[in-house]
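Subject: Structure handover

Hi,

Here is the structure I promised to pass on.

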Amino acid sequence: MSILLKTPFRSNKIETDPYVYGLRPSIISCSVKEVFNDKSILVTGTRGIGKTSLNYQLQKILNGDTIILNRCCLDIQLENYITVSHVCTPYDTLETIVLGIVNELEKKINEFNDRFVLKDAKVEFNFLGVVKSQLSISTTQKTEYNSLIDIFFNAISKFADIYVAPHINISIDELDQLSEKENVAHFIKVILEKLEYTDRSFLSFTLIGQDVLFDRLFEQQPAFHRLVKHIRLQPLNKENTEYVFDACLKRSNVPILVVNEAKDMLIGLSGGYPAVIQLLGHESFNVALEKYDKIPKSISINLDDVINGVKNAIINDGVRFETIFKNLTGEEQSCILTMANISQKKIPFEYKFEHIVEGLLMDNPDERKKNAEEIIKSLIEKQVLIVKENDIVADFTKMTYGFREELFRVYLTDKLNNSTTLDYD
C-alpha cells in the first residue's frame with residue numbers, strides 16, 4: 001500500500017511564492033528601476049528559464065508586495081501601479097490584444113478607485129465600455145492601423161484625466177506566439193511617443209517571450225532598442241538553484257531529508273532551470289513516497305529515488321524529446337548523439353569545440369571544422385545547445401557548450417544504450 005501527500009514542488013505551473021522564487025537580484029533591481037522610471041523592459045530566454053515567474057513577481061512588486069525587494073536587499077519606495085496583463089496565443093492580433101488589455105482595465109476599475117486619488121469625484125467610468133465597443137467592431141471588421149492606435153491611445157490617456165499621477169504597466173507574455181505580420185513593435189513605439197508628446201509618460205510595457213522575440217521586434221522597428229531595456233534570463237547559478245530546491249522542501253507537510261548525492265544529482269541535472277528543479281523534485285518526491293505504507297514522521301529522498309524520478313521525467317517527456325530529435329538534420333543528430341555518448345563525472349556536462357566536431361559526418365577534418373560553426377549556431381537557435389554564460393568569447397572554437405536540457409541528454413544516452421541509464425563514470 002502506498003500513501004499520498006501533497007508535493008511541495010510545482011511542476012506544472014509558475015512559481016507564485018516570493019519566498020521560493022529563484023532570485024536574480026541584479027535582474028530584479030534593473031527591472032524595477034526601469035519600470036519605476038516608466039520605461040519598458042523586454043524579457044527573453046529559453047523555455048523553463050523563469051520568464052513568466054519573473055513577470056508575476058514584478059507585478060506583485062508593483063502592487064505593493066515588498067518581499068522580493070527585501071530578499072534582494074533593495075530599499076526602493078514604489079508608488080502603487082495600475083497593472084494589467086495579457087497572455088498571447090497564435091490566434092491573437094493587435095486588435096484582440098488591445099481588447100484583452102481594455103477588458104482587464106475595466107475589471108479592475110473598482111480596485112483602482114480604492115487605491116488611487118481621483119481628480120474629480122464625479123468622473124464617469126463608462127469610457128471603457130465605449131472603447132470595448134469600438135474594439136469589438138475592429139476584431140470583426142479589420143480596423144485601420146491608425147484608428148486602432150487612436151482607440152488605444154485615447155483609452156490610456158483617459159487615466160491621466162481621471163487619476164492623480166497614475167502609473168500603468170502592461171505586461172504581454174508569450175509575445176513570440178504572435179504572428180510576425182502583427183507589427184507590435186511599431187504599435188508600442190507610436191503609443192509611447194504619442195503619450196510623450198502630450199506630456200503623459202506614465203505608461204510602460206513588460207514584454208516577455210523566447211529568445212527569437214528580440215530579433216523579431218528589432219526587425220519590425222529598428223528604433224525599438226531606444227524604448228526597452230532588454231533583459232535576457234540565464235540559468236540560475238548553483239547557489240540560487242539550491243535555494244529554490246530547499247525552499248520547496250520547506251513547504252512539505254512532512255519534513256524531507258535529502259542525501260547529498262541525491263541533491264547534487266538533482267541540482268546538476270536541472271541545469272539551473274527553475275521549471276526542471278520543480279519537475280525533478282516532484283518526480284523524486286513521488287518515488288520516495290512509495291517506500292512508505294503510512295505517513296512517516298519524515299521522508300528520505302536518496303540517490304535511487306532521484307534516478308527513478310529522472311526516469312519518470314524522461315518517459316513523460318519522451319514524445320517531446322523525440323520530436324526535437326527528428327526535427328534536426330542528419331549532421332545535427334550525429335553531433336548530439338556523439339556528445340551524449342561522452343562519459344563525464346561533472347553534471348551538467350560540458351563540451352569543447354572538439355567534442356562537437358567529432359560528431360560531424362564528413363570525412364575531411366578541414367571540412368568538418370568549417371561546417372561546425374553553422375551546426376553549432378543552428379543547434380543553439382533550435383534551443384538544443386547553450387553557450388556557458390561565463391564563456392562567451394568571439395572565437396566559437398574556444399567556447400564551452402552544454403545541452404539546454406540535461407534531461408534531453410539523458411534521453412539521448414538512453415536512446416544509444418537502449419535502456420535508461422544514469423551511470424556517470
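Below is what turned up when I went through the model.

First, the ground rules. This is a predicted model, so to speak, with local features needing pLDDT of at least 70 and side-chain atom pairs counting only at pLDDT 80 or more, while totals for chains, interfaces and linings use all residues. Residues are numbered from 1 along each chain as its sequence is written, and side-chain values use heavy atoms, with hydrogens and water left out.

**Confidence**

The average pLDDT (the predictor's confidence in each residue, from 0 to 100) is 87 for the chain, and 92% of the residues score at least 70. Residues 420-425 have a pLDDT below 50, and this stretch has 18 contacts in the model beyond near neighbours in sequence; a contact means heavy atoms within 4.5 Å. Where pLDDT is low, the predicted coordinates should not be read in detail.

**Overall layout**

The chain has 17 helices and nine strands. These are DSSP runs numbered from the N terminus: H or I with at least four residues for helices, E with at least two for strands. The C-alpha trace spans about 75 × 60 × 40 Å along its principal axes. Of the 425 residues, 52% count as buried, where buried is under 20% relative accessible area, exposed is over 50% and partly exposed is in between (1.4 Å probe, protein chains only). If you take the contacts between residues at least 6 apart in sequence, 75% of them join residues at least 24 apart.

**Cores**

A nonpolar core here is a set of buried Ala, Val, Leu, Ile, Met, Phe, Trp, Tyr and Cys residues joined through side-chain atoms within 4.5 Å. The largest has 86 residues, and the members touching the most others are Ile28, Ile299, Ile336, Phe403 and Phe408. Ile336 is in contact with Phe325, Leu328, Leu379, Val384, Phe403, Phe408 and Leu412, leaving aside its neighbours within four places in sequence. There is a second, separate core of 51 residues, with Leu135, Ala155, Ile156 and Ala160 among them.

**Salt bridges**

Searching the whole structure gives 22 salt bridges, each being a side-chain nitrogen of Lys or Arg within 4 Å of a carboxyl oxygen of Asp or Glu. Three of them I'll go through one by one.

- Arg409 and Glu406 meet at 2.9 Å, N to O. They sit three residues apart in helix α17 (residues 406-417), so about one helical turn separates them. Arg409 is buried at 2% relative accessible area, and Glu406 is buried at 3%.
- Lys263 and Asp246 meet at 3.0 Å, N to O. This pair links distant parts of the chain, with Lys263 in helix α11 (residues 260-270) and Asp246 in helix α10 (residues 238-249), 17 residues apart. Lys263 is buried at 16%, whereas Asp246 is partly exposed at 28%.
- Lys60 pairs with Asp65, with the closest N and O atoms 3.4 Å apart. Lys60 is partly exposed at 23%, and Asp65 is partly exposed at 23%.

**Cavities**

How many cavities of 30 Å³ or more does the structure hold? There are four. A cavity is a set of points, on a 1 Å grid over the protein atoms alone, where a 1.4 Å probe fits but cannot get out; lining residues have an atom within 4 Å of a point. Points are joined across faces, edges and corners, and the volume is the space filled by probe spheres set on them. The largest cavity holds about 60 Å³. Its lining is Leu94, Ile97, Val98, Ile101, Phe152, Ile172, Val184, Phe187, Ile188 and Phe205.

**Two loop residues**

Thr46 is in the loop between β1 (40-44) and α2 (51-62) and is buried at 7%. Not counting residues up to four places away in sequence, Thr46 touches Lys51, Asp211, Tyr273, Gln383 and Arg404.

Pro222 is in the loop between α9 (212-220) and β5 (228-232) and is exposed at 60%. Pro222 and Leu257 are 35 residues apart in sequence and 53 Å apart in space, C-alpha to C-alpha.

Cheers

Definitions and conventions: 1 Å grid on protein atoms, 1.4 Å probe; cavity = no way out; pocket = protein on both sides within 12 Å on 5 of 7 lines; lining within 4 Å.
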